[in-house]
Amino acid sequence: MIKFAGIQMAVGANKAANLERASHLVQKAVASGASIVCLPECFNSPYGTQYFKEYAENIPGNTSNHLSELARNHKIHLIGGSIPESRSSKLYNTCCVFDPDGNMVSKFSKIHLFDIDIPGKIRFQESDVLSGGENISLFDVQGIKFGIGICYDIRFPELAHLMRQRGAEVLLYPGAFNMVTGPVYWELLARARAVDNQVYVAAVAPARDNEATYTSWGHSLVVDPTGKVVAGCKDTEDIIYCDIDRELICAVRESIPTSMQKRHDIYEFKDKSLKE
């Protein structure tokens with residue numbers, strides 16, 4: 001088994017303080033036995049289109065170098081939630097993953113941008129500032145394959161299915177659902193993606209800040225391949241833990257072998273991200 005930790009971190013406007021807070025919480029998770037640790041979406045900056053340009057960095061850059069050092073010092077796999085990334089005159093919402101030697105082993109930019117308009121409740125348009133990523137990203141930890149999506153990506157079963165097709169057994173979604181969508185969809189979507197693909201799903205959010213311009217729902221959680229919530233917290237800063245059990249993944253897939261029962265004579269699913 002692999003012990004996973006998801007850090008529901010309180011994020012503020014001071015980037016240096018955010019990095020220091022992340023370091024403290026990662027150390028706490030490692031002290032509790034975690035060997036793979038995940039930070040939340042936009043852990044080094046406030047979440048909002050008005051902040052992305054100001055807080056954006058190149059990768060490699062200050063924040064990614066800090067994450068690399070944390071992973072190396074603690075000898076863990078560290079999933080760096082996400083940060084605003086500046087790349088080729090565009091901005092992206094990007095997650096970097098580092099191995100116990102501090103090497104970046106995976107990099108993923110949010111594919112589906114959060115553009116919604118719920119009259120009288122919330123309007124948010126990430127595409128006003130950000131560009132969408134184009135690559136699917138997976139990495140291995142002790143023989144278990146992990147896939148990454150960011151926040152709104154969890155709404156798209158096609159992406160999760162592509163990662164499952166490529167061998168993913170755990171899907172990680174650093175995300176920041178809000179006070180409108182969070183209560184309705186956050187847990188529902190995590191459980192749906194877990195059951196659809198017979199994988200563990202971890203959804204890791206920032207802690208709630210009621211004074212922020214965008215208020216996170218919080219409620220980070222881990223769902224097992226049967227759809228059961230096996231770890232979770234409320235809205236304040238916290239760390240959730242879960243043992244990733246490969247035997248359970250295999251048992252669920254063997255007892256209900258949906259991946260072997262697809263009707264390819266009726267429908268087809270093609271991975272267009274692979275180069276032909």
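**Salt bridges in a predicted model**

I'll start with Arg208, which is partly exposed at 22% relative accessibility, the term covering the range between buried, under 20% relative accessible area, and exposed, over 50% (1.4 Å probe, protein chains only). Asp235 is also partly exposed, at 22%.

Some ground rules. This is a predicted model, where local features need pLDDT of at least 70, side-chain atom pairs count only at pLDDT 80 or more, and totals for chains, interfaces and linings use all residues. Residues are numbered from 1 along each chain as its sequence is written, and side-chain values use heavy atoms, without hydrogens and water.

Arg208 and Asp235 form a salt bridge, with their closest N and O atoms 3.0 Å apart; the term means a side-chain nitrogen of Lys or Arg within 4 Å of a carboxyl oxygen of Asp or Glu. The two are 27 residues apart, with Arg208 in the loop between strands E12 (200–204) and E13 (221–223), and Asp235 in the loop between E14 (229–232) and E15 (238–244). Helices (H or I, at least four residues) and strands (E, at least two) are DSSP runs, numbered from the N terminus.

How many salt bridges does a search of the whole structure find? The count is 13.

Next, Glu41 pairs with Lys110 in a salt bridge, closest N and O atoms 3.2 Å apart. Glu41 sits in the loop between strand E2 (36–38) and H2, and Lys110 in the loop between E6 (104–109) and E7 (115–118), so the pair ties together parts 69 residues apart in sequence. Both residues are buried. Salt bridges link Glu41, Lys110 and Glu126 in a network.

Last, Lys15 and Glu57 meet in a salt bridge at 2.8 Å, N to O. Glu57 is buried, at 9% relative accessible area.
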